[in-house]
Amino acid sequence: MRTILITGPGGSGRTTMAAATAVDAAREGTRTLLLSADRTDTAGRALGAETGQTPTEVTENLTVWRPDATERFRQDLTAFQTRAANVLDLLGAARLDGEEVTPLPGAEELSFLRALRDAALSERYDLLVVDLPPLQQALPLLALPEELRRYLRRLLPPERQAARALRPVLGRLAGVPMPAEWLYETAARWDVELAAVEAVLTDRRTAVRLVAEPGPAGADAVHTATLGLALRGLRTEALIANRVLPETAPDSWLAGLLAQQRKALAEWAEPYDLHTVPHLGRDPHGTDDLDALAVPGVNLVPAPVEWPVADCLAEDGVLVWHIPLPGAIRDELDLIRRSDELVITAGPFRRIVPLPSALRRCTVAGAALREGELRIRFTPDPDLWPAFGR
């Protein structure tokens with residue numbers, strides 16, 4: 001399945017653009033699912049049809065789903081209480097009823113990611129259009145699966161799980177109780193679920209569309225988002241400049257807005273696959289209005305994002321890791337080597353990435369930022385590369 005993730009600054013019209021993209025694909029005969037994280041039915045208002053927590057077929061080939069995070073959290077907590085029944089009974093804990101459960105911070109995000117995974121694994125659709133939250137929430141949301149998996153591996157490494165028969169003996173020798181079997185089983189199940197979500201986000205058929213109004217605020221948001229997405233290895237497929245005013249607007253008070261619009265569009269034209277969507281003079285309502293927006297079609301053969309390692313041993317005695325970071329600023333970059341991982345900080349974003357196998361036997365020799373690409377040089381360690389040391 002092809003997946004298009006759509007986000008933008010709050011108020012940029014990202015949900016409307018997601019609905020228009022889904023309508024356009026469905027009209028071309030593509031079985032499409034529009035998955036929305038919007039708590040209110042903005043997508044339904046744009047489509048002229050009510051949507052909700054169950055998948056609803058709006059038009060031929062188009063289904064819309066706006067999952068209920070509260071209900072999903074209740075189901076997850078109920079299932080957890082059932083699996084941990086023995087431990088809870090031992091502690092004398094009182095069970096929580098579904099009616100008294102309200103989502104905890106982060107529960108809504110996890111519920112939506114699980115819905116994204118379920119939708120992507122469905123064989124009923126050819127295209128998944130995901131209406132993400134605004135950029136400020138969307139970027140941490142996209143980073144969540146990878147970061148949670150890393151935390152789980154550090155806190156409960158599966159390779160240290162002792163055989164069930166040895167656990168009581170090891171517990172007596174250590175003088176402390178060993179982690180319960182169900183804890184490792186729960187961690188393993190979470191890891192599998194998070195890995196499935198991560199696989200969807202990193203799939204070569206997954207891309208991001210940014211939506212922004214052309215102007216100073218939109219330009220700043222797009223610049224920041226592009227850097228954050230690049231650090232995650234996510235490709236920006238297209239940038240949609242929404243609510244573009246006509247150049248022939250007669251009112252003189254629009255002159256300042258038009259000047260800002262021209263400047264932003266000129267800045268976006270070269271680095272992005274830019275598409276402009278006109279301002280209709282009203283909020284779009286119904287498929288006819290969505291058609292009038294003329295959003296770009298979905299590219300079915302996207303170019304994958306690559307972080308290649310160049311072999312320059314013969315010429316310069318180094319291996320060079322090329323990491324595209326468009327929009328990065330040299331003074332806001334920081335690198336830290338930690339064992340077989342590299343901690344990369346770019347502006348407000350930070351990511352810990354495992355080193356490719358060849359680079360784990362090397363030491364960092366330096367780095368440079370050139371033309372929006374971070375190039376990190378690695379020198380082979382003679383103790384780990386015997387042939388290189390001779």
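Which residues line the largest cavity? The lining consists of L142, E146, E198, L201, T202, R232, L234 and R351. This report describes a predicted model, in which local features need pLDDT of at least 70 and side-chain atom pairs count only at pLDDT 80 or more, whereas totals for chains, interfaces and linings use all residues. Residues are numbered from 1 along each chain as its sequence is written, and side-chain values use heavy atoms, with hydrogens and water left out.

**The cavity**

A cavity is a set of points on a 1 Å grid over the protein atoms alone where a 1.4 Å probe fits but cannot get out, and its lining residues have an atom within 4 Å of a point. Grid points are joined across faces, edges and corners, and the volume is the space filled by probe spheres set on the points. By this rule there is one cavity of 30 Å³ or more. The largest cavity holds about 90 Å³ of space. Helices α6 and α8 (181-202) each supply at least two residues of its lining, and α8 gives the largest share, three residues. Helices (H or I, at least four residues) and strands (E, at least two) are DSSP runs numbered from the N terminus.

Three strands form an open sheet in the order β11-β12-β13, with antiparallel pairing. Two strands count as paired if DSSP finds at least two bridges between them. Because β11 (333-338) and β13 (349-354) stand at the edges with a single partner strand each, one side of each is left without a neighbour in the sheet. Neighbouring strands of this sheet are turned by 15° against each other on average, direction ignored. Strand β12 (residues 341-346) is joined to β13 by six bridges, and the two run antiparallel. Within this pairing, E341 has P354 of β13 as its bridge partner.

Helix α6 (residues 135-155) packs on the sheet and touches β11, β12 and β13, where its direction makes about 45° with that of β13. Helix α9 (residues 216-231) lies across β12 and β13 and runs at about 15° to β13. Contact here means heavy atoms within 4.5 Å. Axes are lines fitted to C-alpha atoms, for helices over the stretch in contact, and angles run from 0 to 180 degrees between N-to-C directions.

**Strand β1**

Six of the six residues of β1 (residues 2-7) are buried, so this strand is largely enclosed by the rest of the structure. Buried means under 20% relative accessible area, exposed over 50%, and partly exposed in between (1.4 Å probe, protein chains only). R2, I4 and I6 cover one side of β1 and T3, L5 and T7 the other, and all are buried. β1 pairs in the parallel sense with β5 (residues 127-131) over five bridges, and the bridge partner of T3 in β5 is L128. β1 also pairs in the parallel sense with β6 (residues 206-212) over five bridges, and there I4 has A207 as its bridge partner.

**Nonpolar cores**

In soluble globular proteins, nonpolar side chains tend to be buried together. A nonpolar core is a set of buried Ala, Val, Leu, Ile, Met, Phe, Trp, Tyr and Cys residues joined through side-chain atoms within 4.5 Å. The largest such core has 60 residues, of which W268, W321 and L325 touch the most other members. The largest share of this core, eight residues, comes from α9. Leaving aside residues up to four places away in sequence, L325 touches L227, A230, L231, L333, A346, G372, E373 and L374.

A second, separate core of 25 residues includes A20, A43, L127 and V277. A20 is found in helix α1 (residues 14-27) and counts as buried because its relative accessibility is 2%. A20 touches L290, L293 and V295, not counting residues up to four places away in sequence. A20 and D288 are 268 residues apart in sequence and 9.8 Å apart in space, C-alpha to C-alpha.

Technical notes. On a 1 Å grid over the protein atoms alone, a cavity is a set of points where a 1.4 Å probe fits but cannot get out, and a pocket is an open set with protein on both sides within 12 Å along at least five of seven lines; lining residues have an atom within 4 Å of a point.
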